[in-house]
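Let's take a walk through this fold, helices and sheet together. Have a look at the model first, then read on.

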Amino acid sequence: DWIQAKLFINRDYKQTEVSSLTPLEHKILRYMDQKNKMNDNIPVMCTYDELITAIWEDIYSYTANDVNHLIAALRKKIELDFKNPVFLVNIRGMGYRLVTNP
């Protein structure tokens, strides 16, 4: 629910709110979701550079490693098993894809 700035995850017909998102985590999810919506809700791979530009103002101070750390923290909040993610999928060496209907 982007209007209320809330994230809900539906699992086994049960809706759970993820209430501990940081502003950066919310921003990266919103960006990736918008990319998917512009592609008829088909998951789009977002490059590291694209994600850096989308979430930080001083793009020259951040690297792919910073994106990886942000995604790792986010996975711990939204994935059932953050080591085997289904929502935030890494495309090795390129970036990430948000899968909203795994």
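Start with helix α2 (residues 48-55), which lies across β3, β4 and β5 and runs at about 75° to β3. Helices here are DSSP runs of H or I with at least four residues, strands are runs of E with at least two, and both are numbered from the N terminus. Angles go from 0 to 180 degrees between N-to-C directions, with axes fitted to C-alpha atoms, for helices over the stretch in contact. Contact means heavy atoms within 4.5 Å. Helix α3 (residues 64-78) lies across β4 and β5, at about 150° to β4.

A note on the source: this is a predicted model, where local features need pLDDT of at least 70 and side-chain atom pairs count only at pLDDT 80 or more, while totals for chains, interfaces and linings use all residues. Residues are numbered from 1 along each chain as its sequence is written, and side-chain values use heavy atoms, leaving out hydrogens and water.

Now the sheet itself: it's open, with 3 strands in the order β3-β5-β4 and antiparallel pairing (two strands pair if DSSP finds at least two bridges between them). β3 (45-47) and β4 (88-91) sit at the edges with a single partner strand each, so one side of each has no neighbour in the sheet. From one strand to the next, the twist averages 30°. β3 is joined to β5 (residues 95-98) by 3 bridges, and Met-45 stands opposite Arg-97 in β5.

Finally, hop over to Glu-25 in helix α1 (residues 23-38). Glu-25 counts as buried because its relative accessibility is 2%, the cut-off being under 20% relative accessible area with a 1.4 Å probe, protein chains only (exposed is over 50%, partly exposed in between). Leaving aside neighbours within four places in sequence, Glu-25 is in contact with Ser-20, Leu-70, Ala-73, Leu-74 and Lys-77.
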